[in-house]
Every structure is written in C-alpha cells, then in structure tokens.
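Please load the model in a viewer and keep the selection tool at hand.

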Amino acid sequence: MPAPLTDLSTPWPAALAIVLAIMALASYAVRAHGRRQRRHQRGRHRALARSFRRYLDGEESAHRIAWIAEDADEGCYWSTLETFSIRLKRHQWLRLSQALVRSRHAAAERRALMDDSPWRRSLAARRLSLLRSRASWRALRRALVRGPEMVTFAAATALARYHDRGALRWILAHEAALAHRHRNAMVSLLRTFGRHGLPVMARALARGVHGARMELAVVDTLGIGGYTEAREQIERRLLAGDLDLRAAAARALGHMEAIGCATSLIAALRDESWQVRSQAARALGRMRAPLAVHALAARLTDPSWWVRHHAAYALKELGEDGQATLRHVIATSPDPYARDMAHEALTGEARKLTA
C-alpha cells in the first residue's frame with residue numbers, strides 16, 4: 001500500500017500574511033521611489049534658480065545661463081521661473097528675459113497658443129507672462145483677440161505684466177470679451193498694468209466706459225492706485241451713479257485721500273443706501289477731513305451697524321476734535337448703540353449694549 005502524500009499546501013492565514021507583506025513592500029518601494037524623484041526634482045529646481053540668481057548677480061554670462069536653461073526639461077524650467085521671477089524687481093525681470101529670449105521653451109509655448117485646447121492655450125499664455133520678448137508679445141496679442149474668454153483673460157494678464165497699454169485700451173473697449181470674469185478678477189488684471197496704465201483708464205472713464213462691471217473695476221483701480229487726476233470723474237459718479245458705482249466712488253476717493261471732494265462725501269453720508277453712507281464715512285476718516293466732524297457724529301445713530309462703525313472710527317482718525325466728539329457721545333447720548341460704538345472706537349474694546 002503506497003504511503004500517503006505529504007500535504008504541502010500553506011494554511012490560508014499564512015498565505016494572506018505573505019500577500020499582505022508583499023503588497024506593503026511594493027507600496028513602500030513605490031513611495032520611496034516617488035520621494036527620491038521629488039528630491040531630485042527639487043534639487044534641479046534649486047540648481048536652476050541658483051543659476052538665475054548668479055546671472056543677475058553678475059557671476060554668470062548670458063550665454064552660459066541660456067545654455068543651462070536650454071538643457072533643463074520643460075517642467076523644471078517653467079516651474080522654476082514661476083517661483084523665481086515673481087520675486088524679481090522689474091529691471092531684474094527684464095534682464096533675465098533678455099538672456100532667455102531665444103529659449104526653445106518659450107518658442108514651444110508660442111506654438112502652443114495655436115493648440116486646439118483652450119486649456120493648453122491658457123497655460124501657454126500664463127507661461128509666456130513669466131518672460132518678456134517681442135515674439136511672445138505678438139503671439140499674446142493675437143491670442144487676446146482670438147479668445148475664447150479663458151484664453152483672452154490669460155493673454156490679457158500676460159500683456160498686463162508687459163505693461164502693454166495698447167492691450168489695455170483693447171480690454172477697456174471690449175468688455176464683452178471678459179463678460180464672465182468676476183469684478184475682483186478685473187481689478188486684479190487692471191492693477192497689473194501698473195502706474196503707466198492709470199492715465200489710460202482715467203481717459204477711458206472720462207469718455208465713458210462701456211459696461212457697468214468694467215466701469216466699477218476702473219474706478220476701484222484708479223482709487224487703489226491713488227490716481228488723483230481722475231477724482232473729478234469719480235466724484236461725478238458718487239453724485240449720480242447707481243448703488244454699486246456710488247459706493248465704489250466713495251471708496252476710491254478715500255483711497256486717493258481727495259480732500260477736495262470732502263463736501264461731496266459729507267453729502268453722501270445722507271445717501272439712501274447704507275453701503276454708500278458707510279463708504280463715505282470711511283473715506284472721510286482716511287482723508288482726515290476736519291469739516292466732517294458734525295456730519296460723522298450724526299451717523300453714530302444710523303440704523304446700519306457698518307455706517308455707525310465707520311463713522312466712529314473716522315471720528316477717531318480726525319484727531320482731538322473727533323475724539324472729543326466721541327467722548328461727548330459716550331457721556332451724553334441717549335442712544336445706547338451710539339455710545340457703545342463710540343466707546344469701541346476710542347478704546348478698541350467692544351462691550352455689551354448699555355441701557
């Protein structure tokens with residue numbers, strides 16, 4: 001009778017443990033490889049950034065830096081430029097651009113501006129904004145007009161960094177090309193054109209900007225830029241615009257510290273909309289208009305918390321006269337809301353409503 005065969009099968013718990021161990025080892029190996037790749041990539045980025053810095057410090061020649069950039073792979077080149085160039089002063093950025101003007105990477109992105117995918121064209125426009133060249137400027141101008149909107153916006157942002165006032169005039173005249181961009185995005189775009197773009201916007205405002213959203217963005221940008229030459233045009237909109245435009249005009253005049261417009265802002269303290277009243281109060285505080293003391297004190301009893309808030313803090317900014325008015329309100333006003341807001345402005349401490 002033959003001997004029985006020995007059972008060579010592995011018990012299932014042991015087999016499962018082996019499989020799990022193999023999976024864990026494979027997962028560890030994949031993660032370790034990924035970490036090594038990321039370390040190598042970061043090392044390449046740092047090395048390229050150091051080369052750019054040496055060039056700007058006069059320790060590398062333009063020919064050498066161009067050769068190093070050509071040798072870098074696409075991802076390393078653009079990601080390094082994106083983190084490095086945004087910290088540069090304009091004259092440094094222009095110098096680096098001049099050294100890399102014939103880069104094969106930039107040429108590839110100019111070709112990508114003709115790609116079928118709008119997403120790829122937008123990426124190309126964004127990348128071309130990182131370095132200035134005449135060839136890129138021409139390609140971006142064509143992309144600006146051709147669209148669609150996401151490409152137009154990316155090209156507009158690139159041309160704004162170039163400080164291309166011709167592109168700015170086109171944007172101001174073709175609001176429909178950026179019809180779905182948020183107002184804040186438009187303000188950010190217009191501000192990127194720098195101080196050289198402010199006179200262009202002021203002239204457009206004087207002629208009349210087509211589109212309420214674009215007009216609001218222009219008013220905001222002129223105010224943030226402190227372009228006082230536009231204050232008369234903005235003051236007119238404070239007196240005769242719609243709600244959003246009146247509020248934007250009051251805010252812009254405050255940024256400009258346009259003391260000559262204080263009378264109009266005092267009148268705006270009686271506007272039917274609390275948004276306008278609050279921005280007018282804030283603007284009067286910014287420009288420290290002493291003739292506004294009594295008008296601001298009257299707003300401490302306004303139904304709107306924001307109006308009371310900005311009026312009280314504006315009075316604090318008006319020096320001794322304004323602060324004396326706040327103390328007088330605390331001591332004598334029958335309105336508990338006015339008393340508490342005056343106390344908060346003077347001391348910086350909010351307190352519970354007093355009876």
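In what follows, contact means heavy atoms within 4.5 Å. The model is a predicted one.

**First stop: helix 8.** Select residues 149-161, which form helix 8. This helix is mostly covered, with 11 of its 13 residues buried. The buried residues include Glu149, Phe153, Leu159 and Arg161. After helix 8 comes His163, with a positive phi near 60°.

**Second stop: the largest pocket.** Select Ser85, Ile86, Ser129, Leu130 and Arg161, which lie nearest the centre of the largest pocket among its 13 lining residues. Helix 3 (74-85), helix 4 (90-99) and helix 8 each give two or more residues to this lining. The pocket holds about 220 Å³ of space. Coloured by class, its lining shows four nonpolar, four polar and five charged residues.

Move to helix 5 (residues 104-112), where His105 lies. Is His105 buried or exposed? His105 counts as buried because its relative accessibility is 3%, under the 20% cut-off. Its side chain reaches the backbone oxygen of Ala69 at 3.2 Å. A polar atom of the His105 side chain also lies 3.1 Å from the backbone oxygen of Ala72. Beyond its neighbours within four places in sequence, His105 is in contact with residues including Glu70, Asp73, Tyr77 and Trp78.

Conventions
Residues numbered from 1 in each chain as written. Predicted model: local features only at pLDDT ≥ 70, side-chain atom pairs only at ≥ 80, totals over all residues. Heavy atoms only, no water. 1 Å grid on protein atoms, 1.4 Å probe; cavity = no way out; pocket = protein on both sides within 12 Å on 5 of 7 lines; lining within 4 Å. Points joined across faces, edges and corners; volume = space filled by probe spheres on them. Helix = DSSP H or I, 4+ residues; strand = E, 2+ residues; numbered from the N terminus. Nonpolar A, V, L, I, M, F, W, Y, C, P; charged D, E, K, R; others polar. Buried < 20%, exposed > 50% of the residue type's maximum accessible area, 1.4 Å probe, protein only. Polar contact = N/O pair within 3.5 Å; in protein donor to acceptor, adjacent residues only side chain to side chain.
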